[in-house]
Amino acid sequence: MTISKLVESLTAKLSPAASVLTDPASDEFKAALERWTELDLETPGAVVLVSSEEDIVQTVKLAIEHGIPFVPKSGGHSQWSTIGSEGIIIDLSNYKNVIVNKSAQTVQIQGGVVNREVIEALYVEGLCTSLGGGNTIGTIPQGIGGGICALTKLCGTTSDNILSARMVTAAGSIITVDDSTPDLLWALKGAGQFFGLVTELTLRTYPLSILGMDDGSVYTGTFIFDIPQVGEVTKLAHQFMNVKDHNSAVLAVVTLNPQLQKPCFLLMCIYFGPAIEAEKFLEPFKALSPMMAVGSMVDYTNINDSMDPFTVKGDYKCFNLAGVPRFDPAPWQGIAESFVELTKAFPDIKMGGYGFEWTTGKQKEIELDSVWAHRDLQFWVENLSWYTDESSGEGVQKAAEETLAKATRHCKAEEIHHYQNFSRHDSLESRFGEEIVEKLRRLKKKWDPKGVFTKQLL
Ligand SMILES: Cc1cc2nc3c(=O)[nH]c(=O)nc-3n(C[C@H](O)[C@H](O)[C@H](O)COP(=O)(O)OP(=O)(O)OC[C@H]3O[C@@H](n4cnc5c(N)ncnc54)[C@H](O)[C@@H]3O)c2cc1C
């Protein structure tokens with residue numbers, strides 16, 4: 001069947017609020033293609049903007065029956081929710097509802113919901129849960145791909161908190177995934193994209209008091225240092241990384257100062273506890289004379305706001321992460337200087353940069369039976385290539401790879417992990433570990449033997 005025939009059959013079956021976009025020149029089509037990154041962005045044969053679970057089921061069913069490939073799209077922050085003219089995008093952006101069940105301490109989330117919307121709905125009910133570092137990231141994709149965030153030590157990853165899901169399978173049927181299908185539930189906790197289209201997810205939630213303050217406020221602080229200070233600040237950061245008696249999360253990145261567009265070293269900290277404790281905890285950084293230091297208590301709803309400059313859509317961007325068991329501060333002054341050189345060679349570089357992140361505090365004991373394979377890791381080293389001229393891609397990304405190699409050179413190859421939410425190209429073993437991959441392969445054969453939801457794992 002051709003896409004135009006599929007569109008014809010679909011249009012008769014979809015609910016009145018749904019729509020199918022087929023004209024790439026139209027404003028709606030262009031808006032539906034907006035992504036966090038334009039890297040490898042393709043133009044699909046059609047975009048189906050669904051508005052109910054039944055719309056999703058009908059679209060998947062017809063696409064499978066007629067052999068038309070498709071990809072779901074939620075918040076649009078990955079490189080993978082795109083497809084060429086041979087296929088269609090099932091756009092979930094208008095299928096969004098959040099239902100909080102306060103007495104059961106759970107939240108039900110539909111396919112197009114983004115993190116900020118869940119956080120706000122939970123906050124008014126005095127609840128919170130583990131949701132990652134970007135307000136506009138699709139909650140379901142993030143959760144079924146893992147979901148690390150500032151709260152991971154307090155209540156696990158997003159995937160640890162998945163209780164059940166509604167999912168369209170590769171056979172085109174809608175099923176409930178819960179304790180009655182324990183293997184599939186396990187697979188959705190970190191490798192969900194390989195098994196189906198999740199229309200709805202139910203997550204466990206927690207009282208706001210787990211954040212260290214009964215009113216659900218958290219301390220956020222930002223420090224900006226000059227490039228020559230990177231070595232000294234990184235050495236200090238290294239001393240902080242294994243602290244067990246304070247819960248905090250820090251992202252440190254050599255980037256462009258958002259206001260001045262000049263290279264700088266940015267430290268973004270979240271501290272769980274009163275401002276007075278936070279300021280004492282962070283005092284050693286202040287003592288290193290940053291160019292800027294600000295901090296205040298904010299509502300839980302604003303916990304991810306410092307990431308907003310990094311989540312904007314458009315331009316060419318590529319995130320690479322490597323998880324390591326030990327951190328080495330030694331190469332970071334050199335890495336910072338190489339970023340400065342890179343911005344001179346490629347003046348179209350926008351923020352982005354090279355960085356690392358860690359959390360402190362004691363890890364809450366988490367039920368270990370999930371696909372999440374990185375529990376022993378303490379640190380993530382990361383780089384974000386971000387440029388506006390497509391021709392800069394090769395040079396900027398080559399530099400990013402070299403930096404990641406420098407930042408992880410103290411670890412053996414088998415100690416370096418990759419993370420499903422940021423990679424579809426690193427080996428499956430480095431994303432999940434050998435034993436988990438073996439089990440995932442068996443489940444893939446059972447649930448998606450023809451590779452409707454990518455051929456990976458087959
Ligand atoms: C700036 C930034 C910060 C980030 N911070 C974090 C972080 O702190 N922690 C973390 O864990 N991750 C983080 N991520 C990674 C992010 O969680 C993943 O890229 C996530 O998959 C993006 O989801 P999305 O809905 O926005 O993207 P999309 O591109 O819409 O979807 C991502 C993938 O999921 C598929 N998909 C979409 N909807 C569904 C569905 N309903 N069922 C099945 N598959 C579906 C898509 O086809 C695609 O393969 C970050 C990413 C960025 C860009």
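I began with leucine 6, which is buried, with 23 other C-beta atoms within 10 Å. My burial scale is this: a residue is buried if 20 or more other C-beta atoms lie within 10 Å of its own, exposed if 12 or fewer, and partly exposed in between, with C-beta atoms placed from the backbone. Leucine 6 sits in helix H1, residues 3-13. Helices (H or I, at least four residues) and strands (E, at least two) are DSSP runs, numbered from the N terminus. I looked up the C-alpha separation of leucine 6 and alanine 46 and got 9.7 Å, for residues 40 apart along the chain.

I note that this is a predicted model, in which local features need pLDDT of at least 70, side-chain atom pairs count only at pLDDT 80 or more, and totals for chains, interfaces and linings use all residues. Residues are numbered from 1 along each chain as its sequence is written.

Next entry: glycine 221. I found glycine 221 in strand S12, residues 217-225. Glycine 221 counts as buried because it has 23 C-beta neighbours inside 10 Å. Leaving out residues up to four places away in sequence, glycine 221 touches Cys269, Tyr271, Ala278, Leu282, Val294 and Gly295; contact requires C-beta atoms, placed from the backbone, to lie within 7 Å. From glycine 221 to methionine 297, 76 residues apart along the chain, the C-alpha separation is 8.8 Å.

Then the helix pair H11 and H12. Helix H11 (residues 332-345) packs with helix H12 (residues 393-407) at an angle of about 180°, and their axes are 11 Å apart. The axes are lines fitted to C-alpha atoms, for helices over the stretch in contact, and angles run from 0 to 180 degrees between N-to-C directions. H11 and H12 are therefore roughly antiparallel, a label for angles over 145 degrees. On the H11 side I listed Ile335, Ser338, Leu342 and Ala345, which meet Gly395, Val396, Ala399, Thr403, Lys406 and Ala407 in H12. By class, this contact of H11 with H12 has six nonpolar, three polar and one charged residues. Ala, Val, Leu, Ile, Met, Phe, Trp, Tyr, Cys and Pro count as nonpolar, Asp, Glu, Lys and Arg as charged, and the others, Gly among them, as polar.

I also checked H11 by itself. Its 14 residues reach 20 Å from first C-alpha to last, close to the 20 Å expected at 1.5 Å a residue; the expected span is 1.5 Å times one less than the number of residues. Trp332, Gln333, Ile335, Ala336, Phe339 and Leu342 of H11 are buried. The cover over the buried residues of H11 includes helix H8 (230-240), strand S13 (248-256), strand S14 (263-271), strand S17 (353-360) and H12.

Ligand shell: I counted 35 residues around the ligand, the closest being Gly75, Ser81, Gly132, Gly133 and Gly138. A residue is near the molecule if its C-beta atom, placed from the backbone, lies within 6 Å of it. The shell divides into 15 nonpolar, 19 polar and one charged.

Last, backbone angles. Glutamine 261 has a positive phi of about 55° although it is not a glycine. I place glutamine 261 in the loop between S13 and S14, and it is exposed, with 12 other C-beta atoms within 10 Å. Aspartate 315, also not a glycine, has a positive phi of about 70°. Aspartate 315 is partly exposed, with 18 other C-beta atoms within 10 Å.

Technical notes:
Parallel < 35°, antiparallel > 145°, perpendicular 65-115°, else oblique. Contact = placed C-beta atoms within 7 Å.
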